[in-house]
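This report describes a two-chain model from its coordinates. It takes up cores, sheets, a helix and some backbone details in turn.

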Amino acid sequence: MEDYMNNYRIMIIDDEKIVGDMAKMSLEQEGYAVETFLNGEAALARLLEQKFEVVVTDLKMKGVDGMEVLRTVKQLYPDVKVIMITAFANLDTAIEALRGDVHDFFPKPVKIKELKASIQRALSNS
Amino acid sequence: MKIESKIILSNAFNIGLILLVGFFAIQDLNLMQTKLRFVEIADDLNASFLEMRIIEKNYIIYQKRDLLFDVKEKIDTAGQLLDSAGKDIIRAVGENNFVSLQSHLKHYSDVVDEAQKSSHSDIDLNNRLRTEGKKLREFSNTITWLERRGVNDIISSSKRVLFYSFVAILICAVFVSHFISQNILLSLRGIEKLAKSISKGNFKKIESAIPDDEFGSVMAAINSMYEEQKNSEEALIQSKKLASLGILTAGVAHELTNPLNNISMIAQTYAEMYDNLGKAQRIEFMDKVEKETERIKEIIKNLLDFSKPKEAHLKETDINTVMQKTLKLMQNMLDVSNIKTKLNFVPDLPPVLIDEYQILQVLVNLITNAVQSMQSGRTLFMATRLGSGGDSVEIKVMDTGKGIPREYLPHIFDPFFSTKGDEGTGLGLSVSYGIIKKHNGDIRVESKVGVGTTFTIELPVYKSK
């Protein structure tokens with residue numbers, strides 16, 4: 001099981017450092033390779049160098065925000081799954097994200113178990 | 001003294017004068033009546049004296065002795081008249097004249113008696129008879145004439161007294177009513193001046209001594225109105241603050257989500273990883289939780305500071321600190337509306353003497369208005385600098401929003417004036433205006449439709465003594 005998962009790379013983008021740190025710790029337990037970023041610009045630059053299977057991004061960030069990350073990722077790599085987490089959950093952003101083919105949408109506070117389950121679903125679908 | 005009492009007093013004074021004049025006129029009329037009654041009696045007397053003398057003359061010419069009886073009869077009638085009308089005569093001509101008259105009559109009567117007794121006509125006696133008769137008639141004529149003249153004197157003096165009294169009453173009435181009306185006008189002008197100054201917005205408590213008249217009542221009423229207004233103004237500031245708080249709370253609630261999420265994720269990871277964590281790592285986890293709760297505490301503290309009703313508390317303050325504090329409170333609203341900010345705060349500005357939270361409230365109002373007028377992605381400019389005279393600090397809040405139509409600009413600080421329709425209470429700017437004026441500052445607005453609106457606040461620099 002762990003060997004199987006080891007092949008998967010997960011990217012986490014959130015300007016709250018703790019979100020990245022905690023998710024990374026928990027997901028690495030499951031055998032995923034995890035990289036964390038504090039802003040969209042650095043994350044998108046890294047995406048050009050390295051293939052990731054799943055991108056988990058915060059919606060509201062200074063500069064390049066979650067919605068822009070979603071659009072760019074789907075444009076460049078349509079098969080990469082994007083999961084969005086946000087402190088500003090409202091219907092408009094949810095609809096916009098769904099139109100942008102988001103895989104899942106979590107309001108904060110995030111349940112790590114649900115996040116893991118969502119990542120697993122994303123990987124088994126691909 | 002009250003205006004009412006003044007009017008009553010002046011009327012009483014005039015009525016008193018009129019009564020006095022009337023009293024004197026009645027006195028004169030009474031006297032005149034007495035004199036006239038005497039004149040009537042005197043006319044009767046004179047008539048009988050005249051008859052006496054005619055009979056006396058006939059007696060002397062014809063020497064008929066029985067004519068003396070007729071004279072005697074007339075003398076008795078006159079004597080009776082004198083006795084019966086004695087009181088009236090004394091009142092009119094005095095006792096001396098009355099007694100003289102009586103004695104003249106007596107002498108005449110004595111001479112007539114003597115003539116009756118003497119058996120023959122005597123030239124000497126006839127001469128005495130004639131002399132006494134003449135004396136009686138002359139005396140009686142004289143006092144009658146004197147009394148007639150007296151009546152005339154009374155009439156002309158009454159006329160004079162009445163004339164002068166009327167002149168005096170007229171003068172008094174004119175002067176007193178002029179004085180009273182001047183007095184009343186003075187009070188009214190005071191009230192008018194006060195009303196004008198209030199209508200110019202100069203609504204202040206009247207500190208000077210309050211006079212004991214209607215003007216004083218008006219002043220007292222204005223003072224109590226001022227107190228009422230001050231109280232309701234304070235209530236208005238507080239209620240507006242709570243409305244701003246509603247706007248802030250929406251933003252702050254979102255702001256709380258991040259530290260809450262962090263704590264939740266730390267807890268979840270901690271539980272999951274518990275067995276794999278060393279002691280130092282566990283403590284590190286808990287430290288992180290502690291730090292996040294500090295963050296939450298800070299957010300809540302800012303909100304509570306803002307919402308607490310406070311007595312205005314003036315403190316020497318650096319305006320840039322207040323600007324930063326405001327931006328921190330508003331950051332979420334700016335983020336949610338996707339409004340960028342461009343700041344230009346001149347450092348090391350002289351301090352201003354302000355109630356930090358009231359100024360913060362004004363800034364929250366201005367920024368909220370700016371954000372609501374702007375579309376997503378626009379920029380809000382904020383700046384501080386030293387005022388042109390060097391004795392004030394200037395704050396600018398400049399949006400790139402819809403702008404305010406020129407015809408609305410003069411009303412922008414009026415209470416209940418709003419361009420936001422049902423969404424606005426129309427109190428934000430009016431309360432802001434009140435706060436800035438209380439700080440002896442000034443707030444101005446410039447706006448161009450489609451370009452944006454700039455609010456400029458000037459606050460006086462605090463000069464420590």
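## Cores of chain B

Leu459(B) touches Ile319(B), Val352(B), Ile354(B), Ile359(B), Asp391(B), Ser392(B), Val393(B), Ile395(B), Ile436(B), His439(B) and Gly441(B), leaving out residues up to four places away in sequence. Contact here means heavy atoms within 4.5 Å. The model is predicted: local features need pLDDT of at least 70, side-chain atom pairs count only at pLDDT 80 or more, and totals for chains, interfaces and linings use all residues. Residues are numbered from 1 along each chain as its sequence is written, chains are lettered from A and ligands numbered from 1 in the order in which they are written, and side-chain values use heavy atoms, without hydrogens and water.

Leu459(B) is also, with Ile319(B), Ile359(B) and Leu380(B), one of the residues that touch the most other members of the largest nonpolar core, which has 42 residues. Such a core is a set of buried Ala, Val, Leu, Ile, Met, Phe, Trp, Tyr and Cys residues joined through side-chain atoms within 4.5 Å. Buried means under 20% relative accessible area, exposed over 50%, and partly exposed in between (1.4 Å probe, protein chains only). At least two residues of this core come from each of α8 (319–336), β3 (352–354), α9 (356–373), β4 (379–386), β5 (392–398), α10 (428–438), β6 (442–448) and β7 (452–460) of chain B. Helices (H or I, at least four residues) and strands (E, at least two) are DSSP runs, numbered from the N terminus. With nine residues, α9(B) supplies the largest share of the core. A separate core of 31 residues includes Leu45(B), Phe49(B), Val71(B) and Ala85(B).

In soluble globular proteins, nonpolar side chains tend to be buried together.

Chain B as a whole has ten helices and seven strands. Of its 465 residues, 40% are buried. Among its contacts between residues at least 6 apart in sequence, 74% join residues at least 24 apart.

## Sheets

Two strands count as paired if DSSP finds at least two bridges between them. In chain B, five strands form an open sheet of mixed pairing, in the order β2-β4-β5-β7-β6. Its edge strands, β2 (340–345) and β6 of chain B, each pair on one side only. From one strand to the next the twist averages 10°; axes are lines fitted to C-alpha atoms, for helices over the stretch in contact, and angles run from 0 to 180 degrees between N-to-C directions. Helix α10(B) lies across β6 and β7 of chain B, at about 140° to β6(B).

Chain A has an open sheet of five strands with parallel pairing, in the order β2-β1-β3-β4-β5. Strands β2 (33–37) and β5 (104–107) of chain A are at the edges with a single partner strand each, so one side of each has no neighbour in the sheet. Neighbouring strands of this sheet are turned by 15° against each other on average, direction ignored. Five of the six residues of β4(A) are buried.

| Strand pair | Sense | Bridges | One bridge |
|---|---|---|---|
| β3(A) and β4(A) | parallel | five | Val56(A) with Ile83(A) |
| β4(A) and β5(A) | parallel | four | Ile85(A) with Phe106(A) |
| β4(B) and β5(B) | antiparallel | six | Thr384(B) with Ile395(B) |

## Helices

Helix α2 (residues 17–29) of chain A has 13 residues and reaches 19 Å from its first C-alpha to its last, close to the expected 18 Å. The expected span is 1.5 Å times one less than the number of residues. Its buried residues are Ile18(A), Val19(A), Gly20(A), Asp21(A), Met22(A), Ala23(A), Ser26(A) and Leu27(A). After α2(A) comes Gly31(A), with a positive phi near 100°.

In chain B, Ile180(B) belongs to helix α5 (residues 123–199). Ile180(B) counts as buried because its relative accessibility is 10%. Beyond its neighbours within four places in sequence, Ile180(B) contacts Lys6(B), Ile7(B) and Ser10(B). The C-alpha atoms of Ile180(B) and Ile7(B) are 7.0 Å apart, although 173 residues separate the two along the chain.

## Backbone details

The peptide bond from Lys108(A) to Pro109(A) is cis, with omega near 0°. Pro109(A) sits in the loop between β5 and α6 (112–125) of chain A.

Gln63(B), a residue other than glycine, has a positive phi near 55°. Gln63(B) is in the loop between α1 (3–62) and α2 (66–84) of chain B, and is partly exposed at 31% relative accessible area. Asp348(B) likewise has a positive phi near 55°. Asp348(B) lies in the loop between β2 and β3 of chain B and is exposed, with a relative accessible area of 77%.
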